[in-house]
Amino acid sequence: MATPQVIAPPRTRSGSPTAGVQHVNVRHTSGFTVIGNHLTQHPDLSLLAIGLAAHIQSLPAGARVGIKFLTARFPESEARIAAALRELETAGYVHRGRVRLPDGRVVTLTTSYNQPRATAPAPAPAASPAPAKQPPPPPIPVETRHRAAANLLAGLRRHAPQLTLSAKDIGELAPEVTAWFDRDLHPATVRHALTSDLPPVVRHPAGFLRTRLTALLPPPLPAAPERTAPGVIPLQDCDRCDRVFRAPEPGHCRDCREAETYEAA
């Protein structure tokens with residue numbers, strides 16, 4: 001009877017993984033964006049939010065990132081993209097606010113941060129032969145809101161001792177409080193929402209407050225109708241790109257109307 005032959009499996013080269021992902025990396029020399037692992041491996045953000053943040057960070061300054069534009073660019077619905085943007089706002093990677101331009105137009109300004117709530121350094125004053133002592137530069141609005149949020153959280157224990165937080169908890173919860181400030185809510189209103197109707201025992205103050213800050217966050221205020229003088233054409237929000245333009249009735253701005261004409265041709 002013939003002796004069975006045993007064929008040994010090929011040996012894996014030393015240092016090569018036998019399972020999981022393997023990387024083949026080629027150095028980029030142009031057309032690339034640096035994205036931090038704190039974003040791509042964020043433990044709390046959804047995959048859609050991470051991808052959307054990476055897309056926004058790769059865009060040039062001035063690119064449009066309204067919900068209508070993103071919906072036209074990607075297959076996700078407006079509701080999913082809006083939810084992902086809210087995730088990024090809460091995590092500090094995106095801030096959206098309406099600003100009035102010198103010519104009277106109101107536009108939505110979106111700021112993308114490659115670090116959560118990153119701020120650009122203030123420019124150094126120009127040198128002069130006899131420099132006078134200059135007052136310190138005013139705080140950047142993002143820093144002001146973050147400091148106000150941290151002070152509010154640190155002071156909660158004066159109103160409810162069971163809501164005493166550590167310095168680490170305050171740093172993590174402050175961006176969620178600034179989301180309330182961005183909805184035009186006064187700090188006293190936020191404090192009342194966090195300290196009213198408390199249970200007899202709060203075992204985990206940070207988790208309790210995070211739940212309240214998320215669940216009770218009011219929606220943004222609707223834009224107040226502007227009073228226009230007779231003969232003045234009112235401002236409208238474009239139904240497609242969220243751009244503000246003047247027209248007698250709601251609809252699309254000139255750029256979107258021209259785009260529709262081009263697409264139909």
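In helix 2, the residues Ala49, Ile50, Leu52, Ala53, His55, Ile56 and Gln57 are buried, where buried stands for a relative accessible area under 20%, exposed for over 50% and partly exposed for what lies in between, with a 1.4 Å probe and protein chains only. This is a predicted model, in which local features need pLDDT of at least 70 and side-chain atom pairs count only at pLDDT 80 or more, while totals for chains, interfaces and linings use all residues. Residues are numbered from 1 along each chain as its sequence is written, and side-chain values use heavy atoms, with hydrogens and water left out.

**Helix 2**
- Helix 2 covers residues 47-58, and its 12 residues reach 17 Å from the first C-alpha to the last, close to the 16 Å expected at 1.5 Å a residue, the expected span being 1.5 Å times one less than the number of residues.
- The cover over its buried residues includes helix 1 (37-40), helix 3 (67-73), helix 4 (78-91), strand 1 (94-100) and strand 2 (106-112), contact meaning heavy atoms within 4.5 Å.

**Ser46**
- Ser46 lies in the loop between helix 1 and helix 2, and Ser46 is partly exposed at a relative accessible area of 28%.
- A distance of 9.8 Å separates the C-alpha atoms of Ser46 and Ala83, which are 37 residues apart along the chain.

**The whole chain**
- The protein chain has 10 helices and 4 strands, taken as DSSP runs numbered from the N terminus (helices H or I, at least four residues; strands E, at least two).
- Buried residues make up 27% of the 265 residues in the protein chain.
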